Amino acid sequence: MHYYFITGTSRGIGKALVEKILDRKDTYVFGYSRGCNLTHDNYYHFNIDLNNAEHVSELTFPPFIDAESISLVNNSGALGDIGPVGALIDSGIANAYLVNALAPSILMNKFIRSYQDDKVRKVILNVSSGAGRHVIESWSAYCAAKAALDMFSQVAAAEQNEYWKNKTHIFSIAPGVVDTHMQDEIRLTDKEYFHDVNRFIEMKNNNKLSSAEEVADKLLKVLDTPEKFDEVLLDVRNF
Ligand SMILES: NC(=O)c1ccc[n+]([C@@H]2O[C@H](COP(=O)([O-])OP(=O)(O)OC[C@H]3O[C@@H](n4cnc5c(N)ncnc54)[C@H](OP(=O)(O)O)[C@@H]3O)[C@@H](O)[C@H]2O)c1
């Protein structure tokens, strides 16, 4: 059986990925988000708010006796508060760090600890963002949190050969500009708080966004053949 732990399965990229995985034989998915509209015999949903660090710390990863592969996909993400620093709501800053950086870091730690003795294929795939690699004004907390996720992934990947016997493949991947609820939210931002909003509206009008399904196919490529990817930081637009 191929086991997957995937956060952010209620919509967008996460939901598309789960649907593709469950179309395959011998797969089982554990999903995590506040909402859920997926039902399948091989899907189990945890209703959880990943902004709640205490609840994240209580999560556990079960042992498997029949695993052929085990994967963790940290896909949940949110922009938090949009606007220039000085005009942000404190809780919006906190939430951006919690869901985009803290929760995935805790889950990575638990995953590696839980499966360090398992000799099967193990992959951690974090859904990051180009925003973690370039400055986008008005997205400070989101940019900083995704940059933290990238660095946490790079350090954890570098440690794999040094500290653990049975390697876990670790990646942090930018999905490009994807036609999901997150982009709907971006386009609705007041220009006063996000001067670049028209660029995102134009991208949508000019059909420049990729679909969640296209991105899910790229994520599956990494999950299926992690040994083919040498870098920790990936971008779906490069393969
Ligand atoms: N769309 C893009 O253009 C784009 C670009 C770069 C990076 N990304 C990244 O891609 C990933 C997926 O985003 P998407 O585009 O598919 O956006 P989306 O449609 O808004 O989906 C976001 C997912 O994250 C979950 N989530 C958000 N806050 C959460 C919380 N506090 N606790 C638990 N789950 C939470 C949501 O579930 P609930 O609301 O039900 O909890 C939802 O399932 C994110 O990490 C995002 O940063 C997207």
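In which handedness of crossing does H1 pass H7? Right-handed: that is how H1 goes past H7, a crossing being left-handed if the near helix is turned anticlockwise from the far one by less than a right angle, and right-handed if clockwise. Helices here are DSSP runs of H or I with at least four residues, strands are runs of E with at least two, and both are numbered from the N terminus.

Before you click on, a word on the model. It is predicted, so local features need pLDDT of at least 70 and side-chain atom pairs count only at pLDDT 80 or more, while totals for chains, interfaces and linings use all residues. Residue numbers start from 1 along each chain as its sequence is written.

**Stop 1: H1 and H7.** Select H1 and then residues 212-224, which are H7. Their axes are 8 Å apart and the packing angle is about 60°. Axes are lines fitted to C-alpha atoms, for helices over the stretch in contact, and angles run from 0 to 180 degrees between N-to-C directions. That makes the pair oblique; under 35 degrees would be roughly parallel, over 145 roughly antiparallel, 65 to 115 roughly perpendicular, and the rest is oblique. Colour Gly 12, Ile 13, Ala 16, Leu 17 and Lys 20 on H1, which touch H7 residues including Val 215 and Leu 219 (contact: C-beta atoms, placed from the backbone, within 7 Å).

**Stop 2: Leu 38.** Find Leu 38 in the loop between strands S2 (27-33) and S3 (43-47). Leu 38 is partly exposed because it has 19 C-beta neighbours inside 10 Å; 20 or more would be buried, 12 or fewer exposed, and in between is partly exposed, with C-beta atoms placed from the backbone. Leaving aside neighbours within four places in sequence, Leu 38 contacts Thr 9, Lys 15, Val 18, Gly 31, Tyr 43 and His 45.

**Stop 3: H3 and H4.** Now jump to Met 108, whose C-alpha is 24 Å from that of Leu 38. Show H3 (90-115) and H4 (140-163), whose axes come within 8 Å and cross at roughly 15°. H3 and H4 are therefore roughly parallel. Met 108 is one of the H3 residues in the contact, and Phe 152 is among those from H4.

Conventions. Two residues are in contact if their C-beta atoms, placed from the backbone, lie within 7 Å.
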